[in-house]
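Subject: Structure handover

Hello,

Here is the structure I said I would pass on. My notes on what was found in it follow below.

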Amino acid sequence: MPGEDLPPHRRQMAKGAFGVLLLSLLMVPILQPACQRFFSMASAYVSGTLSAAFVTCPNETVGKEIARAVVEKRLAACVNIVPRVTSIYEWKGKIEEDSEVLLMIKTRSSRVSALAEFVRSVHPYEVPEVIAVPIQEGNPPYLQWVEERVPAEKPAE
Ligand SMILES: *[C@@H]1O[C@H](CO)[C@@H](O)[C@H](O)[C@H]1NC(C)=O
């Protein structure tokens, strides 16, 4: 027994502390599954809730403007601007080659159509590229952060 060589009142305290320790050790196997269930529920990512959307822009100035606006409007949590991508496409019967920037936008799938509508309203191109793919999985705290940043519905103004 711990506390054998202590004065009686200290011995009592030591026994009490030992009891609490023993009890909590016994409780661990009981509490653990409950805790695990709680935490996995709190962070379980539902595949496809979020999307990565891609938008090409003519240059960094336009790219940054659109990136800032969509983050401010909470239509996206984060936008990465990839500089100097080369795009080759046919437009009105002619093969074009342009230097552009690419926006990699992390958002909610439920907000992709609102995002596309906003991009159409501010983008200099006649037909801007807006495509989105569902995010299957990822780092749970990151995905949770994106969900927190982007409301599932249009926020009240
Ligand atoms: C970026 O592109 C826009 C729209 O095409 C254009 O008006 C602007 O002059 C360009 N800016 C630079 C720095 O090239």
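From the N terminus on, the elements run α-β-α-β-β-α-β-α, which makes four helices and four strands in the chain. Please keep in mind that this is a predicted model. The chain has 157 residues, of which 18% count as buried. Of the contacts between residues at least 6 apart in sequence, 72% join residues at least 24 apart.

Strands

Strand E3 pairs with two others. With E1 it forms eight bridges in the antiparallel sense, and Thr56 stands opposite Leu102 in E3. With strand E2 (residues 78–91) it forms twelve bridges, again antiparallel; here the bridge partner of Ile88 is Glu97 in E3. E2 and E3 make a hairpin with two residues between the strands, and Lys92 takes a positive phi near 50 degrees there.

Core

The largest nonpolar core has 21 residues. The members that touch the most others are Val55, Ile66, Val70, Ala76, Leu103, Ile105 and Leu115. At least two core residues each come from strand E1 (50–57), helix H2 (60–72), strand E3 (94–108), helix H3 (112–122) and helix H4 (140–149). E1 gives the most, with four residues. As background, nonpolar side chains in soluble globular proteins tend to be buried together.

Ile66 is one of the members listed above. Leaving aside neighbours within four places in sequence, Ile66 is in contact with Val55, Cys57, Leu103, Val119, Val122 and His123.

Leu143

Leu143 is found in helix H4. Is Leu143 buried or exposed? Leu143 counts as buried because 20 C-beta neighbours lie inside 10 Å, and the cut-off for buried is 20 or more. Not counting residues up to four places away in sequence, Leu143 touches Tyr45, Leu50 and Gly138. Leu50 is 93 residues from Leu143 in sequence, yet their C-alpha atoms are 7.8 Å apart in space.

Ligand

Which residues surround the ligand? They are Pro58, Asn59, Thr61, Val62 and Pro124. By class, this shell has three nonpolar and two polar residues, and no charged ones.

Regards

Terms used
Residues are numbered from 1 along each chain as its sequence is written. This is a predicted model: local features need pLDDT of at least 70, side-chain atom pairs count only at pLDDT 80 or more; totals for chains, interfaces and linings use all residues. A nonpolar core is a set of buried Ala, Val, Leu, Ile, Met, Phe, Trp, Tyr and Cys residues joined through C-beta atoms within 7 Å. A residue is buried if 20 or more other C-beta atoms lie within 10 Å of its own, exposed if 12 or fewer, and partly exposed in between; C-beta atoms are placed from the backbone. Two residues are in contact if their C-beta atoms, placed from the backbone, lie within 7 Å. A residue is near a molecule or strand if its C-beta atom, placed from the backbone, lies within 6 Å of it. Ala, Val, Leu, Ile, Met, Phe, Trp, Tyr, Cys and Pro count as nonpolar, Asp, Glu, Lys and Arg as charged, and the others, Gly among them, as polar. Two strands pair if DSSP finds at least two bridges between them.
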